[in-house]
Amino acid sequence: MLDSLPGKKPFLLGIGGSGMSAIAHLLVDMGFAVSGYDKKDSSELQKLSERGIAIYGPADDLPEVDYAVYSTAINRLTHPVYLALKEKKIPLFHRSEVLHCIFSKKTSISVAGSHGKTSTTGMMAQVLLQLEPNSTMMLGGEFPFLQGKGGKWGEGEYGVYESDESDGTFLNHTASVRIVTNIDDDHLDFYKTKEKLLQAFSQYMQQDIGSVIVNFDNAEIRELLVEEKAGVSVLACGENTQQIPDWLDFYPIRFADTGVYLRDGAKEVFLQIPIPGKHYLQNACLAYLALRRLGFALDSIQTELLRYQGVKRRLEFLGEWQGIRIFDDYGHHPTEVLAVLQSLRPQVPAGSRLCVLFQPHRFTRTRNLYKEFAEALREADVCYLLPIYSAGEEPIQGVSSELIQNLLPDSQLLTRVCQEGISYLRQKLQVGDILLCLGAGDVYRWGEAFGAK
């Protein structure tokens, strides 16, 4: 494990990605002369350039650097820049090692889980920023309170960060408090079996340090809590009050129309956030327990959660066009799809429709879960489908959005953002309808174009 950063001139591969750009912002705050490589321009690269970070493209000569940082998205066998750095004998470190090195100096909270990591981390980061302004944070999304930067270094005691389970590297992290939001059948392209996925989460939870905070309503988490974790304090919250182990520190919750009640000792605490959805309230409970574990006052946490500003592409309101409201969400797993649709359902006026434009993300995920996607999408009144967003994967023969469409006979397959496509949608939707653009790819471009005057 990396104990200290080896030099003042780090070089980040794929620096425009959400995780890498967040680390870039952290390193700049720490006083490092950061540079990086990315093959295509983006708004994130423009933000980095404005902070004095030198960005290099495929045609540029590489600078002199002390070490380089890469993510799992980089193919170490074929990526030309990675191979060039290796040939120059530049030290190369996975982003998880650098992240561990940064946060190991803090009293830190790490957030893992199949869904809700970014929102839960963001809630705690926003609270910490108000209560302890010199806190450190790394977020996997764009938040208004950080001006979309994704990362911030502070000299204070506390830090909070996302811990990515998708490639197993979350096991490189240790933290004073570790959160597991939930466990679902995702990233099986890496783990191959659900058993191996559960083993990884079990290892994450069993680190002989600090506290673990979990959502007891998740069946997979309950499966991992069959026996006491030696040396680890485990806190759990949930509606499910059946078969609670005696050794577990349990906090019952109950949902109300506008928030959630959580029993904290002798008090029943009422938590609210300004974003609809039961899953967001579950995340707020986990954030609350983690912050309480670090010693922050109950009233302060309640107040700051009520001011939570949300994250870009998580039930983000894009605007309105002729009485049709447009939302965008990053949801790309059937569990997330269903949760987002159920969150929006109460906002649909009587006589109007919830219309979803869904873009499947990755060929492997679509192959494994197309039946579950179809089942979740039945929650919508009207469903349109886009071609699969590859996310860098090679196509798989026989795998396309039509696998989902065949199970949703009334759905329609669209192709790409163009004037004809937007005009077609505008003709089909009616005043009072909600249009939800859903997926982890670039489906949001449809929402932006639909709402344009």
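In what order do the strands of the open sheet of ten strands stand, and with what pairing? The order is E8-E7-E9-E6-E10-E11-E12-E13-E14-E15, and the pairing is mixed. Strands (E, at least two residues) and helices (H or I, at least four residues) are DSSP runs numbered from the N terminus, and two strands pair if DSSP finds at least two bridges between them. Strand E8 (151–152) and E15 stand at the edges with a single partner strand each, so one side of each is left without a neighbour in the sheet.

The model is a predicted one, in which local features need pLDDT of at least 70 and side-chain atom pairs count only at pLDDT 80 or more, whereas totals for chains, interfaces and linings use all residues. Residues are numbered from 1 along each chain as its sequence is written, and side-chain values use heavy atoms, with hydrogens and water left out.

Helix H7 (residues 194–205) packs on the sheet, where it touches strand E6 (107–112), strand E10 (177–180) and strand E11 (211–215); contact means heavy atoms within 4.5 Å. The direction of H7 makes about 155° with that of E10. Axes here are lines fitted to C-alpha atoms, for helices over the stretch in contact, and angles run from 0 to 180 degrees between N-to-C directions.

Arg254 stands opposite Tyr261 in E14, and Tyr261 in turn stands opposite Phe270 in E15. E14 and strand E15 (residues 267–271) also run antiparallel, joined by five bridges, with Asp264 opposite Lys267. Two residues lie between these strands in their hairpin, in which Gly265 takes a positive phi near 65°.

In a regular strand the side chains alternate between the two faces of the sheet. Buried means under 20% relative accessible area, exposed over 50%, and partly exposed in between (1.4 Å probe, protein chains only).

A contact between helices is formed by helix H1 (residues 18–29) and helix H4 (residues 95–103), whose axes come within 11 Å and cross at roughly 35°. The crossing is left-handed, that is, the near helix is turned anticlockwise from the far one by less than a right angle (right-handed if clockwise). H1 contributes Gly19, Met20, Ile23, Leu26 and Leu27, and H4 contributes Arg95, Val98, Leu99, Ile102 and Phe103. These residues divide into eight nonpolar, one polar and one charged; Ala, Val, Leu, Ile, Met, Phe, Trp, Tyr, Cys and Pro count as nonpolar, Asp, Glu, Lys and Arg as charged, and the others, Gly among them, as polar.

Ala440 lies in the loop between strand E21 (434–438) and helix H15 (444–451) and is buried, with a relative accessible area of 11%. Residues up to four places away in sequence aside, Ala440 touches Arg313, Tyr330, Gly331, His332 and His361.

The structure holds zero disulfides, a disulfide being a pair of cysteine sulfur atoms within 2.5 Å. The sulfur of Cys355 is 9.9 Å from the closest cysteine sulfur, in Cys383, which is too far for a bond. For Cys437 the closest cysteine sulfur, in Cys355, is 11 Å away, also too far for a bond. Cys355 is buried at 1% relative accessible area, and Cys437 is buried at 0%.
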